[in-house]
Every structure is written in structure tokens, then in C-alpha cells.
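Subject: Handover of a structure

Dear colleague,

Please find below the structure that I am passing on to you.

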Amino acid sequence: MGEETSSRAESVQLTPRALVLGVLLSVLLAGANAYLGLFAGLTVSASIPAAVVSMAVLRALRDGGILENNIVQTSASAGEALAAGAIFTLPALVLLGFWDDFPYLWVMFLTGVGGLLGVALTVPLRHALIGELKLPFPEGAATAEVLRAGHGRAGGIAPLLMGAAIAAAAKLATGGLRLWQGAAEAAGQVGGAVVYAGANLSPALLAVGYIVGFNVAVLVFAGGLLSWGVALPAYAVWTDAEIGGDPLGTAWRLWSGHIRYLGVGAMLVGGLWALWSMRGSLVAGFARVGAIGGIGGGDDLPRSLLVLLTGAAGVAMYLLYWRVLGSPVAALPVTGAMLAAALVFSAVAAYMAGLVGSSNNPVSGVTIATILVTALGLLLFLGQTQTGPVTAVLVGTVVCCAAAIGGDSMQDLKAGALLGATPWRQQVAQLVGVLSAMCVLAPVLSLLLNAYGIGPPTEAHPQPLPAPQASLMAAVAEGVFGGHLPWTMVVAGAGVGALVIAADEWLRRREAGFRMPVLAVAVGIYLPLELSVPIALGGAIAWWAGARGQGAGLLAAAGLITGEALTGILLAIPIAVTGEREILAVADGGLGPWPGMLLVVWLCWWLSRVTAAVANPRT
């Protein structure tokens with residue numbers, strides 16, 4: 001009888017209690033990550049924390065199965081992803097003066113449309129990215145390992161627990177207590193050039209590199225070297241940049257204001273090429289989404305429902321753009337551009353999440369690309385207009401939410417594929433997560449705006465939440481109409497993307513084992529170099545150990561991601577309650593980066609040892 005009960009629990013998936021728990025976690029994580037994103041410019045991937053919490057709750061009920069836990073984390077992680085799409089864009093409408101607060105219906109409408117589009121448009125991608133291309137999706141793979149370990153299916157939970165404890169302690173030491181610095185970086189002046197070197201000391205990034213493997217990791221690093229090691233010093237010489245006595249500050253200023261736009265151009269070209277390359281798989285994937293599908297017997301949600309969701313989103317956004325632009329004719333091409341961009345960049349975000357994970361997925365980069373193209377189109381066809389920047393941000397908001405949900409959805413579906421879950425049940429859970437999160441984002445954003453302020457300091461709010469991505473979106477939208485954007489960098493980045501595509505095609509024709517997916521390079525160009533270094537180290541460990549995220553090695557890497565992600569969310573709680581960034585700090589990084597560097601070196605040895613122990617077990 002006990003075995004029958006256990007078997008039944010293992011097969012149960014979409015239950016009312018799983019959806020209720022998923023909704024509660026979705027709302028909680030959406031609020032926590034909204035604050036964290038506005039405050040620090042980043043959000044924490046919620047799949048693994050949600051999986052851990054759901055296991056604890058369902059285990060207390062004594063009959064929760066692994067697939068039911070997977071439904072909970074699928075629904076819950078949608079809240080974090082939707083919050084990222086919202087906080088990267090919506091505050092730009094306040095900064096542009098279009099809003100003086102966050103109107104509930106507007107926020108719910110924009111984020112809901114974007115989130116639902118993200119779920120609908122990525123359904124056909126499951127077949128292409130998970131079934132045929134078999135991308136690694138590091139956080140999806142790690143989530144599956146966490147759930148397996150929690151339900152006794154993995155080959156020993158010790159590496160997971162040890163990795164989680166180490167990463168949690170490191171995150172507490174750097175992000176909470178501030179005992180040592182979380183990155184080691186330096187810059188100097190050589191003639192008229194500024195030269196930079198740096199490495200983030202995050203155990204989770206090392207684990208991401210280990211899971212994605214050497215090929216992808218080294219390409220991300222190569223993109224970073226091109227951006228920071230070649231373009232940055234060359235640009236400083238070319239523009240005769242004023243370095244003064246602060247080469248490190250100058251390096252970051254030049255990169256954020258100019259060099260990172262190389263990555264935007266490369267993403268534009270790479271995204272279009274990726275979509276073209278996947279055209280056959282996408283068409284086949286959509287064809288597999290049967291006319292009945294889903295509950296009627298197929299793997300995915302019914303095609304009719306996906307078409308209905310997409311069509312309803314298009315009609316709703318057309319009416320909104322009509323209201324903003326004051327012209328039904330002008331609203332039509334804007335709506336078409338929004339739907340096209342949502343399709344393209346949901347696919348691009350899903351592809352990039354498959355390569356480097358959701359936490360390192362540059363969703364803000366694809367949103368900048370969307371706002372650039374939209375604003376340029378509005379400028380060309382409508383000329384200078386007061387509503388132009390606002391309309392571009394409104395398009396970017398929907399696309400950003402769709403892209404964020406797209407990347408997150410694919411991670412969840414990857415975990416489900418590894419665990420044997422039913423895709424349409426996960427897709428329902430994703431829809432439920434989006435619908436719940438979109439209802440709470442407006443009051444959370446309004447609370448933060450009125451309590452702390454957002455954007456530049458004011459007399460009422462001298463220390464506001466900086467909202468770095470949203471500030472950049474507002475600057476880009478205004479910059480297109482003001483004519484002061486670094487278009488040269490965007491075009492140059494597009495050229496780099498074309499060269500990488502040509503090199504990859506040459507490798508493909510030679511049937512080489514090493515390939516050069518352009519989006520991996522584009523991600524490296526766009527991200528800070530310090531993030532690329534530990535990813536490259538992790539990939540090198542996987543190559544040296546002759547593994548690519550298998551067995552105990554993957555469990556150890558999953559533990560590193562789990563510990564850092566959970567601790568990151570826990571650290572956000574006292575900050576949100578008190579409004580004090582340094583509420584837990586007992587030092588100001590007084591030990592420098594040295595403890596973190598030693599920890600990374602030790603983790604490299606430990607990951608290699610764990611993997612080697614599995615590859616060469618004692619007999």
C-alpha cells in the first residue's frame with residue numbers, strides 16, 4: 001500500500017495545492033526581485049529557491065512528489081521573471097514624465113500582455129531548443145538535479161549540500177557582511193589607452209560555466225575580451241578620453257556609455273540569424289502543437305489557445321498605442337513591430353538562456369535593441385513627436401516581459417524534460433504564475449517609488465533606488481530622438497556578429513567539433529568582463545575533467561547555484577524592510593578580494609575532484 005501511495009504521488013503534477021503554493025511564491029518572489037532589481041540592477045533566478053521551498057512545504061504534507069514540486073517551481077519562477085521585465089522598463093515611463101506613479105491597470109495590462117506572449121510564443125521553441133538542439137539550460141538542469149536529490153533519485157546528496165553551504169557562506173560574506181569584495185578588478189593607463197582586468201568571485205558563475213561546457217564558456221569569454229581588451233582601449237585612444245586619476249572609473253564609464261552597444265548590435269544580427277537558422281525547427285515545432293493538443297492529448301497547449309492569446313494581445317496593444325499616438329493608422333505598424341519583436345526576442349532570450357542561464361541572460365540588451373529599432377522607426381515615419389520615446393518604451397516593456405518569461409519558461413521546461421513532466425501542465429503553471437504576479441507589481445512599484453524614490457536624487461528622496469536598466473532605457477528612447485546615441489558602436493557590433501556567423505558557418509561545413517554560436521559571443525560582448533571570467537573557468541574545469549555537467553559534478557554545480565540564489569533572496573529581506581543597503585555589514589570589504597580568490601581556486605580543485613571521482617570510481 002505504501003509503495004502504491006508513493007508511486008501515485010510521484011506521478012501527480014498539476015494539483016490545486018501546487019498551483020496555490022506556486023501563486024504564493026510567485027507573488028513573494030515578484031515583490032522581492034522588484035526591489036532588488038531597482039536597488040542593485042539585478043534579479044535572482046527563482047527556479048531553484050522555489051524548488052527548495054516547495055519540497056519543504058510538500059514534504060511536511062508527506063505525500064508531495066517530484067513532478068508536483070516541479071509544477072510549483074515552474075509557476076513561482078514566472079513571478080521573478082515578470083518582475084525583471086517590469087523593473088527594467090516601467091520606471092522609464094516615470095523618468096520620462098509620462099507617469100507620476102505606477103497606475104494599477106496600466107502595469108497589470110502591460111506586464112500581463114508581455115508575460116502571456118512570452119509563454120505562448122515559446123511553446124514551439126521547446127521542440128527546437130530542448131528536443132533538437134539540446135541546449136544545456138544550466139539552471140533548468142540544476143533545478144532537476146536539486147529535485148532529484150531532494151527525492152532521493154540522485155547518486156548522493158552530499159555534493160549538492162556541500163556546494164550549497166559553500167556558496168551560501170560566500171554570498172553572505174560578500175553580499176551581507178561585506179567581509180571581502182565580490183570581485184577582483186584593476187585598471188591602468190597605457191599611453192592614451194585604458195586597460196582593464198577583472199573577475200567576479202561568484203561560485204554560482206563558476207557553476208554556470210561548468211554546466212554549459214567549454215565551447216560556450218570560452219566564446220562568452222572571447223566576447224568579453226573583444227569588448228574590454230580590444231574595443232575599450234582602442235576607443236579610449238580614438239576619442240582621446242579623459243582618464244585623469246581614475247582609470248577604473250573611466251573604464252566602466254566608457255563601457256556603459258559606448259562599448260556595450262557593440263553587444264546590442266551583435267545581438268540584433270545574432271538574434272535574426274538564430275531565428276533564421278531555427279526556422280525549420282520552429283515551423284515543425286508549431287506544427288507539432290496540434291489543433292487539439294494539451295488537455296486533449298498533445299504535449300503542448302492547444303494551437304488555438306496560443307493563436308487566441310497572441311491575437312488578443314495584438315488587439316489590446318493596438319488600442320493602447322492608438323490612445324498614446326492619437327492615430328489608428330500609426331498604431332497599426334507599431335503593433336506589428338511589437339508582435340514581431342516579441343517573437344524574435346522571446347526566441348533570442350530563450351536561446352541565450354539555454355547557453356548561459358537565466359541569471360546571466362542579458363534581457364536588458366534585447367530590450368535596448370527593441371527600443372532602438374522602434375524609436376528609429378517612429379522617428380523615420382512620424383518625425384519628431386513628444387510621444388515617440390514613450391511609445392518606444394511601451395513597446396520595449398511588452399517585449400522585455402515576453403523575453404524574460406521566454407527564457408525562464410525554457411529553463412522550467414528543460415527541468416521538466418529531464419524529470420519526465422508533461423509540457424502542457426507546466427505551461428498552464430507558467431500562465432498561472434504570470435497572472436498572479438501581474439496583479440501585485442503595481443502596488444509594489446508604487447510603494448517603492450513613494451518610499452524611496454526612483455532615478456535621480458531629489459529633495460524628497462536624496463537616496464533613491466537607482467533603477468539602472470530603466471534609466472538606460474529612458475536615455476536610449478530620448479537619445480534616438482535627440483540624435484546622441486552611439487550608432488557607430490551598434491553598426492560595428494552588427495559587423496562583428498556577421499563575422500562570427502561566417503566563421504561558424506565555415507566550421508559547420510568542415511564538421512568541426514568546436515562551433516561559434518554568435519549569441520554566445522554577443523552575450524560576452526554585452527556583459528561585464530568580470531562575469532565572463534568565472535564562466536570560462538567553469539567551462540575549462542568541465543573540459544579538463546572530461547565531463548560536461550554529469551553525475552556528482554552537476555550536483556556540486558547545482559549546489560553552488562542553489563546556495564547563492566537562496567542566500568541572495570534572503571539577504572534582500574532585511575534590506576527591503578529597513579531600506580538600508582548595508583544593514584548586515586560588519587566591514588567594508590576590508591579583506592579585499594583575496595579570500596574570494598582563494599575560494600574560487602579551491603572550488604576549481606573541488607569540482608575537478610568530484611567529477612574525477614565519478615569518472616574513475618574506486619573498485
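At what angle do helix α6 and helix α15 pack, and how far apart are their axes? Please note that the model is predicted.

Helix α6 (residues 104-122) packs against helix α15 (residues 303-325) at an angle of about 145°, and their axes are 10 Å apart. The crossing in which α6 passes α15 is left-handed. On the side of α6, the contact is made by Trp106, Phe109, Leu110, Val113, Leu116, Leu117, Ala120 and Leu121. On the side of α15, Leu306, Leu309, Thr310, Ala313, Ala316, Met317, Leu320, Arg323 and Val324 take part. Of the residues in this contact, 15 are nonpolar, 1 is polar and 1 is charged.

The buried residues of α23 are Val518, Leu519, Ala520, Val521, Ala522, Val523, Gly524, Ile525 and Tyr526.

Helix α24 (residues 529-544) contains Ala540. This residue has a relative accessible area of 28% and is therefore partly exposed, as the value lies between the limits of 20% for buried and 50% for exposed. Ala540 and Gly213 are 327 residues apart in sequence, yet their C-alpha atoms are 7.6 Å apart in space.

Turning to the strands, β1 (residues 183-190) and β2 (residues 193-200) run antiparallel and are joined by 8 bridges. Within this pair, Ala186 stands opposite Ala197 of β2. The two strands form a hairpin with 2 residues between them, and Gly191 in that hairpin takes a positive phi near 65°.

Finally, the cysteines. A disulfide is a covalent bond between the sulfur atoms of two cysteines. With a cut-off of 2.5 Å between the sulfur atoms, the count of disulfides is 0. Cys400 is in no disulfide, and the nearest cysteine sulfur, which belongs to Cys401, is 6.0 Å away. Cys400 has a relative accessible area of 0% and is therefore buried. Cys439, by contrast, has a relative accessible area of 30% and is partly exposed.

With kind regards

Key: Residues numbered from 1 in each chain as written. Predicted model: local features only at pLDDT ≥ 70, side-chain atom pairs only at ≥ 80, totals over all residues. Heavy atoms only, no water. Buried < 20%, exposed > 50% of the residue type's maximum accessible area, 1.4 Å probe, protein only. Pairing = 2+ DSSP bridges. Helix = DSSP H or I, 4+ residues; strand = E, 2+ residues; numbered from the N terminus. Axes fitted to C-alpha atoms, helices over the stretch in contact; angles between N-to-C directions. Left-handed = near helix turned anticlockwise from the far one by under 90°. Contact = heavy atoms within 4.5 Å. Nonpolar A, V, L, I, M, F, W, Y, C, P; charged D, E, K, R; others polar.
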